[in-house]
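Me: I have a structure open and would like to learn how to read it. Could you take me through it feature by feature?

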Amino acid sequence: MHELSIAASIVETVTESAAAYPGAQVIEVRLRVGALSAVVEESLQFCWGVSTEGTPLAGAKLVIRTMPVVVHCAGCNADSEIGVQSFRCSKCGELTADLRQGQELEIESIEIEEPESASTVTA
Amino acid sequence: MTTRIVELRRGILKKNDELAAVLRQRFEAAGVLVLNLVSSPGTGKTAFLERTLRELRGRGARVAALVGDLETDNDARRLAASGAPVQQINTHGICHLDAEMIAKALADGGPFDVSGLDYLFIENVGNLVCPSSYDLGERIRVALLSVTEGEDKPLKYPTLFNSADAAVITKMDLAAACEFDRALALKNINEIRPGIRVFETSAKTGAGMAEWLEYLGEARRKQG
């Protein structure tokens with residue numbers, strides 16, 4: 001149950017980043033979460049609600065994109081998408097420790113709503 | 001009102017990762033080999049570490065340990081019996097150690113100076129999920145599994161075993177009583193982390209310890 005620490009880190013980073021856009025409201029936060037990241041989506045959603053309550057991020061939607069595990073096989077010289085129970089090339093079945101995707105824990109982007117700038121309004 | 005999308009591409013645990021990188025640099029500069037021991041509660045991390053500390057000290061190595069627990073300093077007191085300096089980190093409910101806790105424990109005026117050490121062991125909070133996300137600046141992450149836990153533990157907790165650099169099977173003295181299927185356990189570990197070094201040990205009888213200590217010595221020499 002470290003999703004609360006993770007939610008708190010997201011709040012901190014997004015708040016810092018949004019400060020560059022005064023007056024803007026964050027309406028959506030988009031994450032990339034690898035299948036091997038040890039994060040439970042339902043738990044993170046719950047913690048997100050708790051962590052944003054009473055902050056300027058309250059009500060912002062958290063969108064989580066799960067990234068499947070991808071390994072590289074030297075024999076086939078190819079990448080393949082696999083589950084998390086067996087680290088084998090899905091083409092030839094050889095074991096491979098060469099991980100290319102699946103450990104992500106990243107804030108991809110945020111969607112913000114800004115008031116029309118003065119120049120736009122007068123134009 | 002207008003809406004727009006702002007690309008961030010920021011690691012969620014970036015602060016932890018940055019702090020861990022600073023720690024790693026500090027450990028490398030000091031020439032100390034740092035290991036992060038992770039397992040379920042009850043696997044026998046403390047008994048295994050106690051024996052490791054005692055045997056390394058017996059060989060003249062300078063060793064120390066940081067031990068994480070939610071509450072109590074029971075493990076620190078057990079480990080201190082080896083004669084090595086030990087510092088307890090109580091996380092008060094937090095289910096893992098993070099780089100900031102390690103940095104604080106090793107701040108100036110702390111229990112030991114890392115530059116005077118050959119080995120520093122960090123015993124993480126007993127948990128097979130959360131510690132896998134937190135880099136502590138270690139060189140080697142060790143996943144431990146006891147014969148009493150079931151051979152499928154690596155399949156149930158793939159993230160942790162996949163992120164480990166070495167695996168240790170503990171309580172081998174109980175293997176027969178538990179009808180431990182050694183071949184299956186080794187196969188499962190290898191399915192999750194192909195090619196990983198596995199040590200089959202007993203802190204009680206000392207089985208497998210020589211191999212483990214040799215591995216540590218080798219890693220320490222490589223560090224220079």
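Me: What pLDDT does chain B average?

Reply: pLDDT is the predictor's confidence in each residue, from 0 to 100. Where it is low, the predicted coordinates should not be read in detail. Chain B averages 95, and 100% of its residues score at least 70. For the model, ipTM is 0.85 and pTM is 0.92.

Me: Why does the radius of gyration of chain B agree with a compact globule?

Reply: The radius is taken over C-alpha atoms, and the globule rule is 2.2 Å times the number of residues to the power 0.38. For 224 residues the rule gives a value near 17 Å, and chain B has 18 Å, so the two agree. The C-alpha trace of chain B spans about 70 × 40 × 35 Å along its principal axes.

Me: Which residues touch the most other members of the largest nonpolar core?

Reply: Such a core is a set of buried Ala, Val, Leu, Ile, Met, Phe, Trp, Tyr and Cys residues joined through C-beta atoms within 7 Å. Buried means that 20 or more other C-beta atoms lie within 10 Å of a residue's own, with C-beta atoms placed from the backbone. In chain B, 48% of the 224 residues count as buried. The largest core has 66 residues, and those touching the most other members include A65(B), I102(B) and Y119(B).

Me: Where do chains A and B meet, and how many residues are in contact?

Reply: Contact means C-beta atoms, placed from the backbone, within 7 Å. Here 30 residues of chain A are in contact with 30 of chain B. Strand 6 of chain A gives the largest share of chain A's side, ten residues. Strands pair if DSSP finds at least two bridges between them; strand 6 of chain A pairs with strand 1 (residues 2-11) of chain B in the antiparallel sense over eight bridges. In strand 1 of chain B, R4(B) stands opposite I112(A).

Notes
Residues numbered from 1 in each chain as written. Chains lettered and ligands numbered in written order. Predicted model: local features only at pLDDT ≥ 70, side-chain atom pairs only at ≥ 80, totals over all residues. Buried ≥ 20, exposed ≤ 12 C-beta atoms within 10 Å, placed from the backbone. Contact = placed C-beta atoms within 7 Å. Helix = DSSP H or I, 4+ residues; strand = E, 2+ residues; numbered from the N terminus.
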